[in-house]
Every structure is written in structure tokens, then in C-alpha cells.
Amino acid sequence: MILRAPANAIDPRMRTYWTVQALMATAALGALVAAGAAIAAMVGATTAAWIVGLAGGLGVLLVAASSLVAVRLGYRHFRYEVTEHGLYVARGRFWRRQQIVPHARLQTVDTTAGPLLRAFGLVAVQVSTASAAGGTSIPGLRRPVADELITELARRAELEEGT
Amino acid sequence: MIGEEIDGRLHPLAVLLIARRFVGMSLLPAAALLLSAGTRVIVPLLAVALLVGVPLAVLSWSRFRYRVAGGRLELHSGVVGRKVRTIPLDRLRGVDLTASFLHRLLGLVRVEFEAAAGGGSRAELSLAAVSRRDAERLRAALLGRARDVEEEPGPRRLYRASPGLLALGGVTSLRYLLAPAAIVGFVFNLADDLPGDVAERAADAAAERAPTDPALIGLLAAGAIVAVLLLAAAGSLLVDWDFTLDDDGEHLSARRGLLTRRLVQLDRDRIRGADVRDTPLRRPFGIAAVTAIASGLRSRTGGTALAPVTHAAAAAALLRSVDPLAPDPRMPLVSHPPAARTRRLVRTLPLALLSLGAATAAMVPWAIVAAALLTASAVLLALDRYRQLGHRFDGRRLTMRGGSLLRRWSELDPAAAVAFELRSSPGQRRAGLCTLTLHLGQGAGSRRALDLGEEQAAELMTRLEPRLLAPLVASREAGGGSG
């Protein structure tokens with residue numbers, strides 16, 4: 001632990017949002033496995049159908065379980081904070097990544113929301129700097145919270161520019 | 001500052017260069033036609049190309065104008081539709097003059113405008129050919145330095161490459177050493193496409209006449225090595241001939257090249273630091289390449305080169321004249337913890353050991369020898385990669401070093417960073433290590449300190465940006481708790 005954790009968590013609804021996303025992806029994978037098994041059965045390769053169905057089903061279950069764990073960890077370890085001189089974002093439980101963007105270096109702040117994210121009443125905030133690798137993002141905040149964050153960032157960026 | 005107003009057009013001889021571009025565009029299909037259809041078709045086609053191409057070139061020359069007025073640079077062009085490109089002068093980052101061999105024969109230069117980030121292709125931001133005098137006048141007007149040339153004390157020469165040093169740089173550069181291999185590969189590729197069995201017959205003929213005498217084989221091999229070395233030296237001399245770096249107080253000007261002479265200018269304000277790079281081949285000679293870390297440049301080869309090859313002592317002096325606060329590259333750095341050495345070994349060894357195991361299991365003597373050599377070199381490389389790791393912060397400049405086959409020593413002003421990033425993988429955390437990256441942006445890239453000790457990282461970040469980072473560093477007592 002070199003840097004303390006940032007103060008704020010992202011919106012709790014992100015757990016549900018990511019879970020829905022993960023389930024959709026798993027469902028697609030499951031459909032693929034089912035289709036594979038069905039085709040094998042239709043061709044008459046019963047043994048192959050069983051193998052594909054069992055191994056694939058097990059795989060799908062594993063993917064579902066691990067992505068559910070990943071969603072929970074991802075939510076718990078994603079944190080952000082606007083400090084006096086910069087935006088501090090931390091993410092990841094295993095591959096940990098902590099970014100600090102000085103307010104004076106901020107170039108643009110964008111909010112985006114796909115249809116699913118919008119259905120949850122959330123927006124994603126992207127912060128860009130002059131470096132393509134130096135930007136950061138906060139994936140899910142309620143609209144008022146995001147607006148407040150953007151106003152705060154703009155105000156601080158202006159203050160820093162003056163000094 | 002109000003610069004002078006300029007309204008100009010390309011040099012009349014530029015028609016030749018424009019025409020060459022038009023003809024050049026049709027050259028490849030023409031060559032293909034020549035191969036397939038023979039001369040009966042190609043001659044009329046060439047005539048048509050000339051009949052269309054030359055008037056087109058004249059027309060496009062007559063329609064092209066450049067204007068500097070009202071704080072803007074305007075390029076007017078277009079044969080069919082008119083087109084005006086406008087660049088505000090404060091967005092202009094540099095004006096580069098280059099001269100190809102043909103340009104130099106005609107006494108002309110090509111002017112390229114470097115605009116701030118993004119926007120348009122390079123061809124649209126350049127003047128194909130203007131006279132040298134016009135180019136200088138334009139540059140003076142654009143860079144707002146229309147001073148009397150006579151009064152200036154003249155630029156200060158910071159560096160000049162001697163031919164001997166460039167030749168040494170060539171024979172120790174993998175890029176130039178491998179160039180002949182690329183040519184050989186290209187020729188073989190071409191030979192594959194030749195009609196009939198020409199390539200095979202040539203190979204057979206060569207095989208028949210192949211020497212069997214060991215002495216002769218040795219002689220041939222030695223000859224080949226000498227040829228490769230000579231070609232490498234020649235390549236380096238060709239590209240970087242008489243490389244000079246001048247400083248006029250505001251800009252650094254680098255000139256280089258034997259046939260095509262290039263001038264690249266760099267605003268001193270945009271220099272954020274410098275890199276010194278070398279390779280194991282160059283280390284025994286104590287030579288290295290020095291490049292500037294500069295923002296606002298579109299990346300391109302050699303755009304920020306300060307010296308293609310230089311001795312360590314000269315590199316230190318060069319760095320100081322570019323950045324007075326630059327530390328000496330020969331100064332010892334703070335080593336990273338021994339755990340970093342273990343990590344380098346752990347990350348390189350498994351593959352080598354696996355190959356050794358496989359070779360031993362297969363009981364193939366030469367494979368065992370090869371795998372053993374591979375393992376040994378992997379170990380040596382890992383150890384050297386650790387030995388090269390180092391960092392140092394003297395309160396104003398951050399120095400970082402890493403890499404072995406491509407070793408890079410960098411010094412930079414931490415205030416130039418647009419973002420800081422701290423990363424750690426599970427393996428790194430177990431070993432108490434992490435990686436600190438400074439993103440510089442605007443084409444200057446990122447520089448990182450690999451496998452810093454956690455204590456080192458905390459201490460470094462506290463000192464690097466006391467206002468921004470120090471409040472985030474966890475206090476020591478609180479550390480090591482929840483994860």
C-alpha cells in the first residue's frame with residue numbers, strides 16, 4: 001500500500017449494470033455451446049454432442065461464476081477522488097492501477113451513456129489529457145453526481161491555470 | 001508581434017517537381033504494363049501521361065499561392081476546385097526546410113509546416129519547392145523573428161558529428177547492420193516472382209561454382225562480414241552526414257544528410273528532457289545517441305535527435321547545454337531492490353529452461369547445446385536488465401534508466417507530466433515492487449521506472465510533486481493493512 005485509497009466509490013448500481021452485462025455475454029456463450037451441441041446431435045455424433053454440451057456447459061458456468069466475482073471485486077476496488085490539485089482514480093484488485101491527473105493538465109471531460117447505462121440512470125465520465133495514455137475514466141455515476149464532478153473539475157482546472 | 005506580410009508562389013522550377021510527382025504516380029502501373037504488354041503499348045501511354053501531366057503540373061503550380069497576413073498562414077491551391085488552408089500562426093509549431101538531391105541541384109528547398117496536434121496530411125501543409133531566400137524570409141516572418149541577420153551574433157554550435165564517429169555508429173547499429181539482410185531478402189522475394197526458372201537456374205549455377213576449399217570459404221565469409229560493416233558505416237554516413245546541432249537561443253536546429261539535407265527545428269520551450277540510448281554493441285565504445293523529449297511534435301524518425309552518436313563525456317556536455325539542469329548520465333543511480341532481480345529472472349527463465357528440458361529429454365546434442373546457450377544468455381540478460389534499472393531525483397530533474405538490449409537513460413522535469421500512474425501486479429506486490437509511469441503527452445510519450453521498491457516509490461512520489469502526490473501517499477504505519 002503506497003497510496004491511500006481514494007475517498008469515493010462509484011454508484012452501487014454499477015454492480016447490477018456489470019452483472020447484467022456479464023450475464024448477457026455468458027448467455028451468448030451458452031447459446032453458442034447449445035447450438036454446437038445441437039448441431040453435433042443432429043449430425044448423429046451423440047458422444048460429441050454430450051462432450052460439447054457438458055464441457056461447454058461447465059465452461060459457461062465457470063465463466064459466469066468468475067465474472068460475477070470479478071464484477072464484485074471490480075466495483076469494490078474502483079474508487080475516485082477530486083483532491084485539491086488533481087483527480088485520483090484507483091482500479092483493480094489484482095492488477096492494481098492508480099492514476100493521478102493534475103487539474104492543470106486536464107483537457108476535456110466528457111460524459112457518455114450507452115442505452116443500458118442510461119436505463120440505470122448512470123453516465124460514464126471520461127477525462128482526457130494531452131497524452132492518449134494519460135487519460136482516465138469513471139465508468140458509472142448518477143447524472144447529478146457526474147455534473148457536480150464536472151463542475152468541480154472545471155472550477156479547479158481554472159484555479160490551477162491561474163497560479 | 002506583427003510579422004511582415006508575404007504573398008508568394010512556388011519557384012517556377014517547382015513545376016518540374018510537381019510533374020515528377022504526377023509521373024511518379026503513373027510509374028508503377030507503367031512498369032507493370034511494360035512487363036506484361038511490351039513497348040508497343042507503353043510508348044503512347046507515356047506520351048499521354050506527359051501530355052496530361054505537364055500541363056496539369058503547370059496549372060497546379062499557377063494556382064498555388066501562399067500568404068502570410070493578419071496572423072495567419074494561408075495556402076491556396078486546387079486545379080478544379082479552389083481550396084484554402086488556413087493555419088493561425090500561434091498554432092504553428094515549426095517550419096522545417098528539407099532539400100532532396102533534386103532540390104539541391106536546382107537550388108531549391110521544400111518547406112514543411114508543423115502545426116499543433118492533429119489536422120490534415122503533410123502534403124497539404126508544405127511548399128513543394130521555393131528558393132532558399134524565399135524560404136528563409138518565410139521562416140523569419142512565421143516565427144516572428146524578422147531581425148537583421150547581420151546583427152545576430154550567430155547561433156552557437158552544440159554538436160557536430162565527425163565522419164569517424166558516424167561510421168562507428170553505423171557498424172554498431174543493428175538498424176544499419178541489418179539493412180543488407182533486408183536488401184538480400186527483398187532481392188530473393190523479387191527472384192521468386194521472376195518468370196520461369198531463372199532464379200532456380202541461377203541458384204544451381206551458384207551451387208556448382210560454390211567453393212569447397214575451406215580457406216576460400218573462410219575468405220568469402222570474411223569478405224561478406226567486411227562488406228556488411230562497410231555498408232552499415234556507409235548507411236550511417238549517408239543519413240547523418242555532417243550532423244550539426246545549432247542553438248540560436250530560441251530554437252535548436254539540426255541539419256543532416258549527404259544527398260538529402262534535412263533541417264529540423266525545435267522550440268527550446270517545448271523540450272521537457274532528454275533520452276540517452278545505447279545498445280550492448282555500443283557500450284564497449286562508450287557511445288550513445290541523444291534525443292530530446294519534446295512535446296507538440298508529430299512523431300517521426302529523427303525529429304528530435306540531438307546527436308546520432310556521441311561519446312559519453314560529450315553527451316553530458318550536450319545535455320547541459322540543452323537543459324542546464326540536466327544531470328550527468330554517468331552519475332550513479334539509486335538501484336532497485338534485489339526483489340527486482342528475482343523478478344527479471346523469473347520472467348525470462350521459464351521459457352529457456354523449458355527448451356533446455358525438452359532438448360535434454362529428446363537427447364539431441366546440438367539442441368541441448370543451443371538450449372543451454374539460450375538459457376545462459378537469458379540469465380545474463382536478466383541480470384543486466386536488473387543492473388541497468390535505476391532512478392534518481394535531485395529535486396528538479398527525475399532520472400530513470402532501464403532496458404539492456406535497448407538501454408534508455410532519461411532525464412525530465414516531473415512538472416511536464418500530464419498524468420502519473422502507479423501499477424502493480426500480484427507478483428510485484430508479493431515482491432514489494434511497483435511501476436511508476438509519467439505520461440508526458442503531445443507526442444513525447446511516457447517514461448517509466450520499472451520495479452521500484454514500494455518504499456522507494458512512496459518516497460519518490462512525495463518528493464516528485466509535493467503538492468499533488470504527497471497528500472496521497474499512505475503513512476507508513478497505516479500501510480500494509482487491508483489490501
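What radius of gyration does chain A have, and what would a compact globule of 163 residues have? Chain A has 21 Å, whereas such a globule would have a radius of gyration near 15 Å. The radius is taken over C-alpha atoms, and the globule rule is 2.2 Å times the number of residues to the power 0.38. Taken along the principal axes, the C-alpha atoms of chain A fill a box of roughly 75 × 35 × 30 Å.

The model is predicted: local features need pLDDT of at least 70, side-chain atom pairs count only at pLDDT 80 or more, and totals for chains, interfaces and linings use all residues. Residues are numbered from 1 along each chain as its sequence is written, while chains are lettered from A and ligands numbered from 1 in the order in which they are written.

Chain A has four helices and seven strands. Helices (H or I, at least four residues) and strands (E, at least two) are DSSP runs, numbered from the N terminus. The elements of chain A follow the order β-α-α-β-β-β-β-α-β-β-α from the N terminus on.

Chain A touches chain B through 23 residues, and chain B contributes 28 residues to the contact. Two residues are in contact if their C-beta atoms, placed from the backbone, lie within 7 Å. On the side of chain A, the elements that give two or more residues are strand E3 (86-91) and strand E4 (96-102). E4(A) supplies the largest share, seven residues. By class, this side of chain A holds eleven nonpolar, eight polar and four charged residues. Ala, Val, Leu, Ile, Met, Phe, Trp, Tyr, Cys and Pro count as nonpolar, Asp, Glu, Lys and Arg as charged, and the others, Gly among them, as polar.

E4(A) also pairs across the two chains. Five bridges join E4(A) to strand E18 (residues 419-424) of chain B, and the two strands run antiparallel. Strands pair if DSSP finds at least two bridges between them. A:Gln98 stands opposite B:Leu422 in E18(B).

Within chain B, four strands form an open sheet in the order E1-E2-E3-E4, with antiparallel pairing. Strand E1 (6-8) and strand E4 (83-88) of chain B are the edge strands, each pairing on one side only. The twist averages 10° from one strand to the next. Strand E2 (residues 65-69) and strand E3 (residues 72-77) of chain B are joined by five bridges in the antiparallel sense. In this pair, B:Val68 stands opposite B:Leu73. Helix H4 (residues 132-142) of chain B packs on the sheet and touches E1, E2 and E3 of chain B. The direction of H4(B) makes about 145° with that of E1(B).

Two helix pairs of chain B were also examined. Axes are lines fitted to C-alpha atoms, for helices over the stretch in contact, and angles run from 0 to 180 degrees between N-to-C directions. The axes of helix H5 (residues 163-171) and helix H8 (residues 214-240) of chain B come within 7 Å and cross at roughly 125°. H5(B) is therefore oblique to H8(B). Angles under 35 degrees count as roughly parallel, over 145 as roughly antiparallel, 65 to 115 as roughly perpendicular and the rest as oblique. The residues of this contact divide into eight nonpolar, four polar and one charged.

The axes of helix H10 (residues 338-362) and helix H11 (residues 365-388) of chain B come within 8 Å and cross at roughly 180°. H10(B) and H11(B) are therefore roughly antiparallel to each other. Their contact has 19 nonpolar, four polar and three charged residues.
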